[in-house]
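Let's take a friendly walk through this structure, one feature at a time. Keep the 3D view open as you read.

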Amino acid sequence: MMGDFGRRGRRWISAAGLLTLGFIIAACDRQEERAERANTLVEAAIDQLGGGPASTPRGTALENLAVQERAIAGIARAASGSTDVAGVRPARFAVGSIIAKPRLVVELEEAVLSEEMEALAEPADAEGEEAIAETSQDEGIRAQSPRGLRPPPRPKGPVIQNRAAMRASRRLARAPEIREIQRDTQSKMLNTIDRMGLDGSVRPGSGGTMVIDLFADATQFDGENSVESFMAAVQHTECPDDITPQMMRDNKVLATECLVRELQATGEYEYCERDYIFEHQFARRPADETVPIGIEPNDPLWDLQWNFRNSGTEDGRSVGGTGFVDFWTRQSIQGSRDVTVAVVDTGLALSHPDIVNSPNIAPGWDMVSDPAMGNDGDGRDSDPNDPGDLCDPNAPFAEDSYHGSHVAGTIGAAATNNGAGVAGGSWDVTLVPVRALGKCGGRLSDINDAIRWAGGVIPAEGTSGEEVWNDNPADIINLSIGLFESCPASLQDAIDSVVERGAVVVAAAGNARLSTELYSPGGCANVITVAAGDARGHITPYSNFGPDVDVIAPGGDLARDDDGDGRPDGILSTKPAKFCTDPVTGESVDNCYYALEQGTSMAAPHVSAALALIAAKYPEMTGAELESTLMSILDPRTTEQCAAECAQYPGATPIPDQSGMCLRACGNGWLNLENLPD
């Protein structure tokens with residue numbers, strides 16, 4: 001289990017009651033000032049990137065590369081002001097879709113875990129430990145899949161509880177008792193739906209949950225209707241006592257609320273809630289005494305990646321650096337493929353030139369259940385490729401986000417030190433892409449299953465109905481996604497299930513300039529919540545904040561130049577993009593493969609990459625020990641680095657003797673791998 005860093009009490013606050021804050025925030029944005037500043041940066045960036053001392057790469061010179069190998073999105077875009085946050089978007093949910101978990105399943109889970117704990121507590125010698133390992137494999141850890149026998153997860157140390165949870169989850173995945181409970185629950189739910197005068201279907205979900213789909217046409221999108229037309233903003237409305245079947249048929253949002261209330265009233269469910277829609281978190285609307293030579297990759301765009309450099313003001317450093325260069329050099333470790341990081345996101349652009357031949361990419365899964373939302377013509381399958389997720393083609397700078405590719409590139413999806421493109425934080429890692437977000441976002445029910453599959457807790461279902469387990473259960477799961485709503489119970493349940501197995505879950509804090517407790521998954525328990533910082537090491541204007549934040553890491557700010565190198569300080573990573581700029585000539589380029597972005601989505605993968613490096617150095621550490629080690633190497637932040645004008649950040653804490661200024665709590669400190677002992 002996770003330590004105290006990840007265990008935080010949560011208070012539930014209605015998102016609807018805070019919508020007015022979004023308008024206050026939007027009014028406070030200094031769009032014109034930031035746009036003017038960004039224009040100045042663009043001019044300086046073009047000059048600087050054209051061949052000045054600070055931009056001379058250690059590998060191939062930029063001017064010797066083909067345009068498609070050096071063009072970058074995000075430089076020109078910063079000038080338009082389009083990267084600013086324009087307020088808080090209310091939480092949405094899939095109309096007619098409900099997730100529930102029977103209490104009988106929870107009781108069965110507790111009983112099975114207790115049995116496994118007792119069984120594993122008995123052996124005390126090496127022979128007994130060996131017997132445990134053999135028994136674990138016999139009980140299904142080496143389950144058949146289309147890719148062969150599934151190996152047991154990499155051991156992290158003799159922790160009985162992690163091992164017991166792993167064995168319990170395998171038993172429960174096939175337990176006939178679970179199926180019996182789900183069959184009985186399905187019958188009861190269908191009776192309730194019929195009694196209310198509604199139409200719908202009920203299907204068993206993962207982890208013993210149930211998924212209800214009212215009005216099949218509203219949740220299974222077709223080509224005649226837009227995906228967004230079947231989503232609604234969460235209003236927290238009460239179901240009236242005099243509701244009639246006709247009223248519910250005429251108002252599908254109200255019908256969803258009423259069915260949730262009806263099921264909750266039975267007392268038979270651990271939780272019953274809407275199927276929320278999550279979004280990505282791009283910040284838009286935008287041996288001797290001699291000093292060793294630093295190990296730096298030869299990727300030609302490396303000099304634009306200030307975020308990985310060592311911290312400091314000297315040449316080759318950045319005030320907002322995170323010490324990755326120091327770790328690669330002093331620890332003589334650039335990663336390990338025995339460490340697995342799963343990225344639950346929009347999938348991965350598998351044909352990207354810096355990803356296509358990367359040895360770090362492992363088989364993943366597409367968990368997007370609805371074909372139209374998936375935008376790939378089918379439902380769940382073994383193909384995690386990102387086909388694009390453009391929702392509103394009329395939005396400014398409308399394009400597919402390829403968000404998961406940018407996030408994964410920071411962790412290590414891109415082939416590093418290969419003389420092409422950019423570098424990742426962990427040069428060697430096993431990265432598992434799990435697609436859970438598609439067109440217009442991702443449903444909570446899909447995200448829950450994606451987390452569990454990534455953690456090796458449940459199998460996916462193959463095209464012929466066969467079980468397909470994740471061959472590489474995640475040591476670390478990155479969630480750069482967000483929902484303006486306190487942590488849904490089913491999401492917390494999914495997170496807890498993988499944490500019990502020993503995984504570490506890293507979550508973006510969110511980009512709404514509000515307290516993280518109002519957001520998910522950054523506001524959930526048992527996660528490492530990451531706020532975004534700029535090249536000064538200050539919290540960024542768009543980042544969420546609060547006592548629930550654990551770490552602050554580079555998220556970037558495209559309208560600033562805090563490290564003084566003449567470049568917009570975004571985070572550069574792998575992403576097919578439009579509206580690009582040739583850094584040598586300054587000319588516009590229609591399409592490119594790298595982009596500067598900003599957001600807490602960009603901050604979280606820095607922490608995931610750092611955890612992967614720590615796990616490579618200490619392969620026997622448990623998840624809780626990895627988290628504790630991470631917290632021990634943070635650089636503390638000053639009040640100034642976490643301060644802001646109170647009027648712009650509702651919920652921030654006033655600073656004594658500083659009129660109008662507030663503290664935006666930004667975690668235990670700044671990520672810095674230089675602090676890790678030899």
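Let's start with helix α4 (residues 103-121) and helix α7 (residues 176-195), which pack at an angle of about 170° with their axes 10 Å apart. That makes α4 roughly antiparallel to α7; angles under 35 degrees count as roughly parallel, over 145 as roughly antiparallel, 65 to 115 as roughly perpendicular and the rest as oblique. Axes here are lines fitted to C-alpha atoms, for helices over the stretch in contact, and angles run from 0 to 180 degrees between N-to-C directions. Helices (H or I, at least four residues) and strands (E, at least two) are DSSP runs, numbered from the N terminus.

On the α4 side, Leu 104, Val 105 and Leu 108 meet Glu 177, Ile 178 and Ile 181 of α7, where contact means heavy atoms within 4.5 Å. By class, this contact of α4 with α7 has five nonpolar residues, no polar ones and one charged. For these classes, Ala, Val, Leu, Ile, Met, Phe, Trp, Tyr, Cys and Pro count as nonpolar, Asp, Glu, Lys and Arg as charged, and the others, Gly among them, as polar.

## About the model

This is a predicted model, in which local features need pLDDT of at least 70 and side-chain atom pairs count only at pLDDT 80 or more, while totals for chains, interfaces and linings use all residues. Residues are numbered from 1 along each chain as its sequence is written, and side-chain values use heavy atoms, with hydrogens and water left out.

Now follow α7 to its meeting with α10: their axes come within 11 Å and cross at roughly 130°. That makes α7 oblique to α10. The crossing of α7 and α10 is right-handed; a crossing is left-handed if the near helix is turned anticlockwise from the far one by less than a right angle, and right-handed if clockwise. Met 189, Thr 192, Ile 193 and Arg 195 of α7 touch Leu 259, Glu 262 and Leu 263 of α10. This contact of α7 with α10 comprises four nonpolar, one polar and two charged residues.

The torsion about the S-S bond of Cys 239 and Cys 258 is about 95°, so the disulfide is right-handed. Cys 239 lies in the loop between β7 (231-233) and α9 (245-250), and Cys 258 in helix α10 (residues 252-265), so the pair ties together parts that are 19 residues apart in sequence. By the same cut-off, the count comes to six disulfides.

## The seven-stranded sheet

Which order do the seven strands of the open sheet with parallel pairing take? The order is β10-β11-β9-β15-β17-β18-β19, and two strands pair if DSSP finds at least two bridges between them. At the edges sit β10 (365-366) and β19 (551-554), each pairing on one side only. Strand β18 (residues 528-533) pairs with β19 in the parallel sense over four bridges, and Ala 531 stands opposite Ile 552 in β19.

Two helices lie across strands of this sheet. Helix α13 (residues 403-411) lies across β9 (335-345), β11 (428-435) and β15 (476-479), at about 160° to β9. Helix α16 lies across β9, β11, β15, β17 (504-508), β18 and β19, and runs at about 125° to β18.

## Two loops to look at

Most residues other than glycine have a negative phi, and most peptide bonds are trans. In the loop between α13 and β11 you will find Asn 417, whose phi is near 65°, a positive value in a residue other than glycine. In the loop between β17 and β18 is Pro 521, joined to Ser 520 by a cis peptide bond with omega of about 5°.

Helix α16 (residues 600-617) packs with helix α17 (residues 623-632) at an angle of about 110°, their axes 10 Å apart. The two are therefore roughly perpendicular to each other. Val 607, Ala 610, Leu 611, Ile 614 and Ala 615 in α16 meet Leu 626, Thr 629 and Leu 630 in α17.

Finally, an open sheet of three strands has the order β22-β24-β23 with antiparallel pairing. Its edge strands are β22 (643-645) and β23 (653-654). Three bridges join β22 to β24 (residues 661-663), and Ala 644 stands opposite Cys 662 in β24.

Methods: Disulfide = S-S within 2.5 Å.
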